[in-house]
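Subject: Structure handed over, with notes on what was found

Dear colleague,

Please find below the structure that I am passing on to you. My notes on what was found in it follow directly after.

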Amino acid sequence: MPNAESMVEIDGILVDVPALMKLKHYCDPMLCRNGRYCCAQYEITLDKNDMKRAVGLMPDAAKFAPDVGEGGEFENPFEKVEPGRWALDCHSESGACAFSFKDKKGCGWCSLHAAALEHDLDPYEQKPEVCTLWPLALSEGDDPVLSVQDDVYSFPCAWKRRGAPKTLYPDIAANVQAIFGKEFREKLEQAIAAQS
């Protein structure tokens, strides 16, 4: 558990500022080719809104990920795990999310992300929230804590920043904004600036 004194509260969420400040991350499928990648490491669960977006993109996602469907025929990649929550099926060999695929160079991609780009949609507004949030983590409970995944530095797309960074790394700020909104990100950045 992070030190409570190093956290700030933004809109009812405790933010582990040191953990977020230390993280440098950017999503680059070229890095997924030779190492671990997030689509193959976690069980991905969706709520009703996530599932609606995924189903809406399935015809285009299936062009990239055959496990989702081919030739207008679709597989059901969703398994109900509790009321209002579904888990995504995984590829039998790799354990990767059914919506993931490898390109000709062996790089790991998300077919929902690719389908969103085809339609000029923001992929981070189309993918499941848990995927957009990664490599950050939000604990559940009465006092939710926004931090980073415990194993984040074992992935080839994440590094510890050197020195004493004064601002969030741009991709981390973008993840925060995609999930919590611009106002939340701005409040967090103001709190960080006040601590400096």
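Helices (H or I, at least four residues) and strands (E, at least two) are taken here as DSSP runs, numbered from the N terminus. On that basis, Pro 135 belongs to the loop between helix 6 and strand 11.

Please note that this is a predicted model, in which local features need pLDDT of at least 70 and side-chain atom pairs count only at pLDDT 80 or more, while totals for chains, interfaces and linings use all residues. Residues are numbered from 1 along each chain as its sequence is written, and side-chain values use heavy atoms, with hydrogens and water left out.

The chain as a whole

Eight helices and 13 strands are present in the chain. The radius of gyration (taken over C-alpha atoms) is compared with a globule rule of 2.2 Å times the number of residues to the power 0.38. For 196 residues, a compact globule would have a value near 16 Å, and the 17 Å of the chain agrees with this. Along the principal axes, the C-alpha atoms fill a box of roughly 55 × 40 × 30 Å.

A residue is called buried under 20% relative accessible area, exposed over 50% and partly exposed in between (1.4 Å probe, protein chains only). Of the 196 residues in the chain, 44% are buried. Contact means heavy atoms within 4.5 Å. Among contacts between residues at least 6 apart in sequence, 65% join residues at least 24 apart.

Accessible areas come from the Shrake-Rupley method with a 1.4 Å probe, and for residues only the protein chains shown count as cover. The chain exposes about 11,000 Å², of which carbon and sulfur atoms supply 49%.

For charges, Lys and Arg count as positive and Asp and Glu as negative, whereas His and the chain ends are not counted. Each charge is placed at NZ of Lys, CZ of Arg, CG of Asp or CD of Glu. The chain carries 21 positive and 32 negative side chains, and 8 Å separates the centres of the two sets.

The aromatic cluster

Rings of Phe, Tyr and Trp (its six-membered ring) pair if their centres lie within 6.5 Å; planes under 30 degrees apart count as stacked, over 60 as edge-to-face and the rest as tilted. Seven aromatic pairs are found in a search of the whole structure. One of them joins Tyr 42 and Trp 134: the ring centres are 6.3 Å apart and the planes stand at 50°, so this pair is tilted. Tyr 42 sits in the loop between helix 2 (29-32) and strand 4 (45-46), and Trp 134 in the loop between helix 6 (129-133) and strand 11 (136-138), so the pair ties together parts that are 92 residues apart in sequence. Tyr 42 is partly exposed, at 22% relative accessibility, while Trp 134 is buried, at 8%.

Trp 134 also pairs with Phe 155, edge-to-face, at 4.9 Å centre to centre and 75° between the planes. Phe 155 lies in the loop between strand 12 (145-148) and strand 13 (158-160), so this pair links parts that are 21 residues apart in sequence. Tyr 42, Trp 134 and Phe 155 form one aromatic cluster.

Around the cluster

A cis peptide bond, with omega about 15°, joins Trp 134 and Pro 135. The C-alpha atoms of Pro 135 and Asp 151 are 9.2 Å apart, and the two residues are 16 apart in sequence. Asp 151 is in the loop between strand 12 and strand 13 and is partly exposed, with a relative accessible area of 26%. Leaving aside neighbours within four places in sequence, Asp 151 is in contact with Arg 36 and Tyr 42.

Helix 4 (residues 111-118) is mostly covered, with six of its eight residues buried. The cover of these buried residues includes helix 3 (48-64), strand 9 (100-102), strand 10 (108-110) and helix 5 (123-126). Within helix 3, Ala 54 is buried at 1% relative accessibility. Beyond its neighbours within four places in sequence, Ala 54 is in contact with Phe 78, Phe 99 and Leu 112; Leu 112 is among the buried residues of helix 4.

Just after helix 4, Asp 120 takes a positive phi of about 55°. Asp 120 is exposed, with a relative accessible area of 74%.

Yours sincerely
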